[in-house]
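Student: I would like to take a close look at one part of this structure, and then see how that part compares with other places in the chains. Could you take me through it slowly?

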Amino acid sequence: MKPRLVIPALLAGAAVAVAMLAQPAQPARAQADEATPALPNVSWSFEGPFGTFDRAALQRGFQIYSQVCSACHSMDLLTYDDLAGSEGLGYTEEQVKAIAAQKQVADIDKNGQAIQRPARPSDHFVAPFANEAAAAAANGGKAPPDLSDIIKARESGPRYVYGILTGFREPPKGFQMPPSGGNYNLYFPGHVIAMPQPLQDDSVQYADGTKATLRQEAHDVVAFLTWASDPTMEQRKRTGAKVVLFLLAMTGVLYGAKRRVWSDVEH
Amino acid sequence: MAVSQNKLVQWIDRRLPVFTYLDHELNEYPTPKNLNYWWNFGSLAGVMLVIMIATGIFLAMQYDPNAGDAFQSVERIMREVNYGWLIRYIHMNGASFFFIVVYIHLFRGLYYGSYKAPRELLWMLGVVIVLLMMATAFMGYVLPWGQMSFWGATVITNLFSAIPGVGKDIVTWLWGGFAVGNPTLNRFFALHYLLPFVILGVVILHILALHQHGSNNPLGIDRKGPQDSVPFHPYYTYKDMFGLSVFLIVFAIVVFYFPNLLAEPQNYIPANPMQTPPEIVPDWYLLSFYAILRSIPNKLLGVCALFGAIFILFLVPWLDTSKVRSAYFRPVYKWVFWLLVIDAFVLGDVGAHRPEGWWIVIGRIGTFYYFFHFIVLMPFIGWFERPLPLPPSIAEAVLKKRGGAPVGAAATRAKP
């Protein structure tokens with residue numbers, strides 16, 4: 001084949017390939033729309049490159065976790081002293097001691113006898129069940145997931161979890177709930193979720209007097225869970241700003257240096 | 001010849017000529033004066049390797065390669081070790097950036113014919129590095145022991161079961177058991193620590209081979225004299241440092257502001273052998289090869305195609321029959337090169353989707369075209385194409401370009 005013919009032929013081939021590539025995407029998307037609606041469009045203070053956590057919201061979210069979620073869900077990766085200080089939820093050391101002391105943990109005394117003692121700040125969050133088998137047995141055969149990393153472990157984490165918490169509905173007409181039971185949720189893949197609706201209006205009475213609507217509760221607990229998934233986020237963004245500014249300055253200097261070095265060469 | 005007036009340097013150099021060697025390889029080492037910014041990616045890849053080894057060693061000090069604790073130990077690094085999150089995010093995203101840099105470096109070599117005589121071994125050593133990187137990255141991805149770690153390891157190691165007769169036994173041997181488990185994690189950790197140093201060794205050979213004949217250049221013609229080149233230092237040390245700085249800005253933005261952009265959320269769920277995730281996909285840098293694997297209906301042939309897609313790169317210096325190195329002067333190959341780039345992206349997209357419906361068809365066309373490019377197009381275009389006339393020397397081409405007319409245009413006018 002002559003070169004003159006090869007190029008148009010190949011370009012035509014590429015055009016066909018691109019056209020075929022574009023085609024299957026559409027029906028797939030349409031199907032997804034019918035199955036699961038787009039996640040609710042909610043925003044939080046922690047979003048964006050300069051976003052930070054709202055401590056009051058984190059404390060309200062922790063209250064919801066403690067009074068509602070923690071009945072079934074563990075948060076094994078956190079310790080009580082994570083809650084203290086400005087990188088935590090803003091509690092003082094004393095407050096954290098008191099929070100920890102409300103829980104009992106298994107330990108041994110100096111004679112080697114098994115005992116229960118109040119939790120200390122250095123202890124990990126006390127789980128609601130002794131082990132996974134016990135958690136599964138008490139929850140219809142499947143242990144509720146640990147929530148430490150739940151926001152990082154889901155696509156569009158904050159909006160997804162908010163969607164689940166606010167997405168419980170009566171099953172639409174014609175929707176067959178499986179005989180094994182379950183609950184209908186707009187945003188859960190397949191719509192049948194084992195967890196019953198955990199939050200309603202006034203599920204808790206907020207310590208700071210905020211009105212506890214379902215949306216407010218979901219918004220707050222998602223803020224808390226996001227902090228729990230990523231407790232170093234604020235430190236990360238602060239450090240990042242310094243690093244990027246430094247690199248920008250260094251790039252400018254190096255560009256000047258490079259121009260100077262090359263100024264005596266024809267290139 | 002004294003490399004320095006410093007008495008201590010002279011004393012050392014007389015006994016161990018490291019300073020003479022560095023002087024020879026940096027100050028005297030002649031480099032074509034017309035290298036463009038695509039030539040920055042070689043040194044960038046070297047920097048990435050150093051960053052990966054440095055962060056990796058610090059991670060290994062805190063990581064626990066035990067199936068019962070691996071996931072928790074990575075989270076401990078992220079949450080409790082001072083700046084552990086930074087080291088881990090640099091390492092995790094560094095793998096992706098290392099591949100971006102190396103893939104650009106590889107395609108740069110393909111475009112400018114950097115694999116042609118006398119640089120065939122230089123190219124082949126580069127392909128060895130890519131292979132070692134893939135093995136290292138795959139084993140590194142297993143270490144956090146999340147869902148995708150576990151199931152990715154299961155799928156990829158299972159590929160070896162396609163070997164006729166002994167396949168099953170080989171897989172059991174690789175696993176150190178009858179499923180991916182603690183022994184698998186232990187050996188993957190050992191190898192993940194070892195292989196980067198093997199890569200470092202091959203990189204040194206790669207640089208030795210490079211310095212034998214020096215860099216290729218965008219025109220693809222040999223240096224003819226001192227007017228064609230500049231010493232590597234300070235000209236390219238400064239240019240490389242500037243390029244590195246720009247690269248680090250992009251890298252830092254991802255590490256500090258979008259650290260999980262390229263991560264799979266499923267991998268923040270601890271490995272569970274009883275529950276298969278809805279979809280098992282490798283990291284993005286292996287998706288094109290994964291698509292090739294899944295495009296072949298037969299498992300054994302699929303595995304052969306997967307490895308063939310990489311091994312065919314070893315043959316590129318002989319598959320390309322054109323006498324002209326740079327695609328700049330090759331009116332047909334230039335286009336075909338970009339089609340290969342598009343093909344690589346299309347295959348990457350196919351690899352990220354379930355193999356159903358149109359994706360199967362596109363995957364098969366893409367796979368066919370990939371091999372068609374190397375086995376048919378490369379040799380045939382080399383035979384039939386009429387390349388543009390080459391400029392007489394790098395210096396002349398550079399001067400003409402500075403005079404206003406682009407090199408290509410000048411060369412076209414000179415065509416008889």
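Student: Is Trp145(B) buried or exposed, and how many other C-beta atoms lie within 10 Å?

Tutor: Please keep in mind from the start that this is a predicted model. Trp145(B) is buried, because 24 other C-beta atoms lie within 10 Å, and a residue counts as buried once there are 20 or more of them. As for its place in the chain, Trp145(B) belongs to the loop that runs between α6 and α7 (147-158) of chain B.

Asp202(A), which is not a glycine either, has a positive phi of about 60°, and it is found in the loop between β4 (192-193) and α6 (214-229) of chain A.

Ala117(B) and Pro118(B) are joined by a cis peptide bond with an omega of about 5°, and Pro118(B) sits in the loop between α5 and α6 (120-142) of chain B. A cis peptide bond also leads from His233(B) to Pro234(B), where omega is near 5°, but Pro234(B) is part of a helix, namely α10 (residues 232-257) of chain B.

Chain B has an average pLDDT of 93, and 96% of its residues score at least 70. Among the elements of chain B, the highest mean pLDDT, 98, belongs to helix α5 (residues 84-111), while the lowest, 43, belongs to helix α17 (residues 407-413). Across residues 405-416 of chain B the pLDDT is below 50, although this stretch has 17 contacts in the model beyond near neighbours in sequence. For the complex, the predictor gives an ipTM of 0.90 and a pTM of 0.90.

Strand β2 (residues 114-118) of chain A, by contrast, is hardly covered, for the count of buried residues among its five residues is zero. This strand pairs with strand β1 (residues 104-108) of chain A in the antiparallel sense over five bridges, with Gln104(A) standing opposite Pro118(A). Five residues lie between the strands of this hairpin, in which Gly112(A) takes a positive phi near 85°.

Finally, chain A can be viewed by its domains, which are domain 1 (42-78 + 124-230) and domain 2 (89-122). The centres of these two domains of chain A, taken over C-alpha atoms, are separated by 25 Å. Five residues of domain 1 of chain A are in contact with five residues of domain 2 of chain A, and on the domain 1 side the residues that touch domain 2 are three nonpolar, one polar and one charged.

Methods. Residues numbered from 1 in each chain as written. Chains lettered and ligands numbered in written order. Predicted model: local features only at pLDDT ≥ 70, side-chain atom pairs only at ≥ 80, totals over all residues. Domains from an automatic or database assignment. Contact = placed C-beta atoms within 7 Å. Nonpolar A, V, L, I, M, F, W, Y, C, P; charged D, E, K, R; others polar. pLDDT = per-residue confidence, 0-100. Helix = DSSP H or I, 4+ residues; strand = E, 2+ residues; numbered from the N terminus. Buried ≥ 20, exposed ≤ 12 C-beta atoms within 10 Å, placed from the backbone. Pairing = 2+ DSSP bridges.
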